[in-house]
Amino acid sequence: MTQDSPTLTLAEIAAHLGAGLQGGGDRRVRGLATLRDAGPEQVSFLANRAYLKDLPGTRAAAVLLHPDHAGECPTVCLTLDNPYLGYAELSRLFDPLAGRDTPGVHPTAVVGEGVSLGEGVAIGPQAVVEAGVQLGDGVVVGPGGVVGADTRIGAGSRLHANVTVYHGVLIGERAILHSGCVIGGDGFGFAHDGAGWHKIAQLGGVVLGDDVEVGSCSSIDRGALGDTVIGNDVKIDSQVQIAHNVQIGDHCALAGCVGIAGSTRVGRHCMLGGGVGLSGHLTICDGVQVTGMSLVTNSIHEPGVYSSGTGAMHNAQWRRNAVRFKQLDEIARRLSRLEKAGRGG
């Protein structure tokens, strides 16, 4: 929060969110903070019961919460059935980046021939936009960004500093690409002749739907022949690797360090926890959730929650269990022999 942050009255916030207002609406606020840290010029929120203990002592000007907790709130209440969703909406009102982009092409930027720029496009210092690119209205290309030839980017999308988009990529509207991510690099394709590797040219592209967000230092590889396709409203965290010809359905969420091998298809409304790995050429149906650090080596055809691996434990216990794991096959064979002997007896 800075002194030049935008200010809003609580009544204006309530109207914007469609929230109930219990208390005075004339007070002006200029930011958001947690229940513990909020001051008298900030709004806070309660979306997790684990933080209910912090509510009585908050100094916030107002708290966004469920109506069931309004009676425990010591200050003005902004009531919503889904306070976390309300917090998400409110956070954008106080976003310091909002409205700060100056349309135009910076003098140090390089723009190739035949580039089409929509209204309000902003291209930052040292950015490169190659020939034949089409940028929709309000697109922002941050400092040092590179947009490869014949790429198309939809209206309202933002490329933060040092984003690299290769040639022939199609990006929908309102996409957000964070610093260091690479869209459309070559997939990992090589043929072996018994002595060495021979590169396979990656002739496909990448298609990102509307409202996609890609975290910093993540990579989405172009297809070998067809396209790698990321559906609408897919949220991808930092340091995620998506290999060539992967398809991800609408409304999926991928946490940090997920890795998806080539040609795997992920359905709609799936969630992959941090560090999840999917082997190649798999099919994951709609509505699947895979918990963190799991390795998926077979297709999943039923929605639900899936896990693999073991949780952390004391090293001595883990070493004993590791020995037992190596013995499982022999134990199973001995048990089968005993059961057969028992039936024979």
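Biologist: Why are Y84 and Y87 separated by about one helical turn?

Modeller: Because Y84 and Y87 are three residues apart in helix α2, which covers residues 83-93. A helix here is a DSSP run of H or I with at least four residues, a strand is an E run of at least two, and both are numbered from the N terminus. Bear in mind that this is a predicted model, where local features need pLDDT of at least 70, side-chain atom pairs count only at pLDDT 80 or more, and totals for chains, interfaces and linings use all residues. Residues are numbered from 1 along each chain as its sequence is written, and side-chain values use heavy atoms, with hydrogens and water left out.

Biologist: What makes the pair of Y84 and Y87 tilted?

Modeller: Rings of Phe, Tyr and Trp (its six-membered ring) pair if their centres lie within 6.5 Å; planes under 30 degrees apart are stacked, over 60 edge-to-face, and the rest tilted. The ring centres of Y84 and Y87 are 5.7 Å apart and their planes stand at 45°, so this pair is tilted. Together with F45, these two tyrosines form one aromatic cluster.

Biologist: What makes a set of residues a nonpolar core?

Modeller: The set consists of buried Ala, Val, Leu, Ile, Met, Phe, Trp, Tyr and Cys residues joined through side-chain atoms within 4.5 Å. The largest one has 49 residues, and L177, I183 and I248 have the most contacts inside it. Strands β24 (206-208) and β37 (288-290) each supply at least two residues of this core. A second, separate core of 15 residues includes I13, A14, L80 and F94.

Biologist: Which residues does I183 touch?

Modeller: Contact means heavy atoms within 4.5 Å. Leaving aside residues up to four places away in sequence, I183 touches T164, V165, Y166, V169, L177, V206, L208, V214 and I220.

Technical notes. Buried < 20%, exposed > 50% of the residue type's maximum accessible area, 1.4 Å probe, protein only.
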